[in-house]
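Trainee: Could we go through this structure together, step by step? I would like to learn how to read it.

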Amino acid sequence: MVFLIIAIAVVLVALLATAALVVPRRQRRVFDDLPPSHDGLTETEPPRGPTVVTAEPDVIEAPQPAPETAAVPDVPTAPPVETPEPTAGRLTRLRARLARSQNALGRGLLSVLSRENLDDDAWDEVEESLLGADVGVAATTEIVERLRTRTKVLNTRSAGELRALLADELVTALQPDLDRTLRSTPTGDRPAVVMVVGVNGTGKTTTCGKLARVLVADGRTVLLGAADTFRAAAADQLQTWGSRVGAETVRGPEGGDPASVAFDTVKQGTEAKVDTVLIDTAGRLHTKVGLMDELGKVKRVVEKQGPVDETLLVLDATTGQNGLVQARVFTEVVDVTGIVLTKLDGTAKGGIVISVQRELGVPVKLVGLGEGADDLAPFEPEQFVDALLGEPE
Ligand SMILES: Nc1nc2c(ncn2[C@@H]2O[C@H](COP(=O)(O)OP(=O)(O)OP(=O)(O)O)[C@@H](O)[C@H]2O)c(=O)[nH]1
């Protein structure tokens, strides 16, 4: 009997010992099944598949294949740096984008002028076409008077001659002698500083991005400054534009001081010895005194390190004469040295180029002709008029 009790006790002890060995193995399997912690920065080993067994080999469980992506390290790929299109001849390439203005202004004028009898009514129609295309009253009066005199004196009748006369007058109205050079060349050991200003939604940030491409295409190195700390997405938008052509962007905290971002951009641009620093500013209504004062401050702070070489005012061509009112206020606050007229592809009022320059005494240096990355063209009066009037017959 005693022997039997001892035997039962031995068996019980043996069973308990076996159970103690098996339970810890099961628990370890549970932890092994958890995905490894993976922060993407410090990970040096390839991630382990969820069913890879690293505990004792006597645990029997059919291994399952790791998912296809498990063995591929998650390496972010930098976007390829693009090569922007050369700037020369862009206006000619984009001439079709002026189709709306071409129909309203070019074709309209040419069809009236080619009439058999150029009477007063015909000249009234010419005048209306020019005014309708936002050429402005003063310039329209001048153009009509000169055309009237020249067609009479020269007794011009052929379509080709009339086109040439009209082209000549429109080019003259566009003041071809104005200096349209973009001041983007560094002086000594400091980069050229270009500031971009304007009201909301005119296309400032887009223009900065496209302009960075223009400069890169012309062989310059560029540093962008996101001094539009007001609109949350503006800095990201600018940075994306820059990264496409290998240009860095200096940014500040959202809602931070735009003058400080602008200052830092010039400072870093000087240290990095870039050719051109391009500063995007927040869109502001010309009627808000506080915001206009802030813009003046941004410029003054930048000027602590040297002059601003170019202050570009971005105007939306589709806003027509309204844009002129805004523009005047901007020229009073910051010394505007050049106009960028955007969205010319979306208007039949291409004559706005004439009135803007005339009213402000500031040259149009660049025109926006679409939303594409290379749809910003240096403005050239002859090519512009050529595009407006269409192919000569
Ligand atoms: N069709 C056309 N659209 C343009 C042109 N230039 C800019 N745009 C569009 O205009 C819109 C506004 O452009 P943004 O660059 O964001 O304007 P913004 O002036 O920086 O705006 P805020 O920062 O809000 O003042 C965008 O949808 C651009 O794609 C152009 O030349 N043609």
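Trainee: How far apart do the C-alpha centres of domain 1 and domain 2 lie?

Mentor: Good place to start, and keep in mind that this is a predicted model. The chain is divided into domain 1, residues 90–174, and domain 2, residues 192–385. Taking the C-alpha centres of these two domains, the distance between them is 32 Å.

Trainee: Which helix supplies the largest share of the side of domain 1 that touches domain 2?

Mentor: Begin with the contact itself: 23 residues of domain 1 meet 26 residues of domain 2. On the domain 1 side, α2, α3, α5 and α6 each supply at least two residues. The largest share is 5 residues, and the helix that gives them is α3.

Trainee: How many residues on that side of domain 1 are nonpolar?

Mentor: Sort the residues of the side that touches domain 2 by type. There are 4 polar and 4 charged ones. The nonpolar residues number 15.

Trainee: What about the ligand: which helix gives the most to the shell around it?

Mentor: There are 21 residues around the ligand, and among those that come nearest are G203 and T205. By type, the shell divides into 2 nonpolar, 12 polar and 7 charged residues. With 3 residues, from the stretch 204–217, the helix that gives the most is α7.

Trainee: Which residues touch the most other members of the largest nonpolar core?

Mentor: This core has 83 residues, and it draws at least three from each of domain 1 and domain 2. Beyond its close sequence neighbours, up to four places away, A212 touches residues including V222, W241 and L278. The two residues that touch the most other members are A212 and L341.

Conventions
Residues are numbered from 1 along each chain as its sequence is written. This is a predicted model: local features need pLDDT of at least 70, side-chain atom pairs count only at pLDDT 80 or more; totals for chains, interfaces and linings use all residues. Domain bounds come from an automatic or database domain assignment. Two residues are in contact if their C-beta atoms, placed from the backbone, lie within 7 Å. Helices (H or I, at least four residues) and strands (E, at least two) are DSSP runs, numbered from the N terminus. Ala, Val, Leu, Ile, Met, Phe, Trp, Tyr, Cys and Pro count as nonpolar, Asp, Glu, Lys and Arg as charged, and the others, Gly among them, as polar. A residue is near a molecule or strand if its C-beta atom, placed from the backbone, lies within 6 Å of it. A nonpolar core is a set of buried Ala, Val, Leu, Ile, Met, Phe, Trp, Tyr and Cys residues joined through C-beta atoms within 7 Å. A residue is buried if 20 or more other C-beta atoms lie within 10 Å of its own, exposed if 12 or fewer, and partly exposed in between; C-beta atoms are placed from the backbone.
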